[in-house]
Amino acid sequence: MPSSPRKNQPLLVTVVSKNASTLEGLHTYLRGVGVVTTITGAMERLVEMTPAAAAAVILFPDEYSPDIAIGALSTLKKLRPEVLAVVVTNEPRRFVDATGEEDPAASPLVMPKPAWAWTIMDAVRARLDARPRDPPIVARPSARRQGRHE
């Protein structure tokens, strides 16, 4: 029987930024609220740096070329569709329009700067909590149990 998804496990998040103070500040805050973090400045290594059990990736794409940032988001969506992408940017429209995603639950969470650590974390938790859970597995009676022997 599968365990309940992520309820009893610490939340795993990867943070991507070229700004050392952004990385350190967000890492410190997230660690303080019980979130396990991986931090990197290498946007092109986003998937490689994101643990398989990660729930979210928080990206600060303004510090990178648009091609690298959009490419990283596309790769993340293709290889890790279950990971929530959170984009913190001065240009939110660029990233909302670039995804072309019609399903709001599957689209990246785009937040305009400035965004404080607690607002980012509250938004991440709200989006993750809003995701549909896998339906429970219901055992169907076998033909034998119903009195039919085939």
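Mentor: Let's start with W118, which counts as partly exposed at 48% relative accessibility; buried means under 20% relative accessible area, exposed means over 50%, and partly exposed is what lies in between, using a 1.4 Å probe and protein chains only. Keep in mind that this is a predicted model, where local features need pLDDT of at least 70 and side-chain atom pairs count only at pLDDT 80 or more, while totals for chains, interfaces and linings use all residues. Residues are numbered from 1 along each chain as its sequence is written, and side-chain values use heavy atoms, with hydrogens and water left out.

Rings of Phe, Tyr and Trp (its six-membered ring) pair if their centres lie within 6.5 Å; planes under 30 degrees apart are stacked, over 60 edge-to-face, and the rest tilted. That rule gives one aromatic pair here. It joins W118 to W116, stacked, with 6.2 Å centre to centre and 20° between the planes.

Now for the charged pairs. There are three salt bridges, each meaning a side-chain nitrogen of Lys or Arg within 4 Å of a carboxyl oxygen of Asp or Glu. One of them links D62 and K113, at 3.9 Å from N to O. D62 sits in the loop between β3 (56-59) and α3 (66-79), and K113 in the loop between β5 (109-112) and α5 (117-130), so this pair ties together parts that are 51 residues apart in sequence. (Helices are DSSP runs of H or I with at least four residues, strands are runs of E with at least two, and both are numbered from the N terminus.) D62 is partly exposed at 25%, and K113 is partly exposed at 30%. Another bridge joins E48 to R45, with the closest N and O atoms 2.8 Å apart. There, E48 is exposed at 59%, while R45 is partly exposed at 36%.

Then there's the packing. A nonpolar core is a set of buried Ala, Val, Leu, Ile, Met, Phe, Trp, Tyr and Cys residues joined through side-chain atoms within 4.5 Å. The largest one has 22 residues, and I58, V86, I120 and V124 touch the most other members. The biggest giver is α5, with five residues. Take I120: setting aside neighbours within four places in sequence, I120 is in contact (heavy atoms within 4.5 Å) with I58, F60, V86, V88, M111 and A115. A second, separate core has 16 residues, including V57, L76, V83 and A85.
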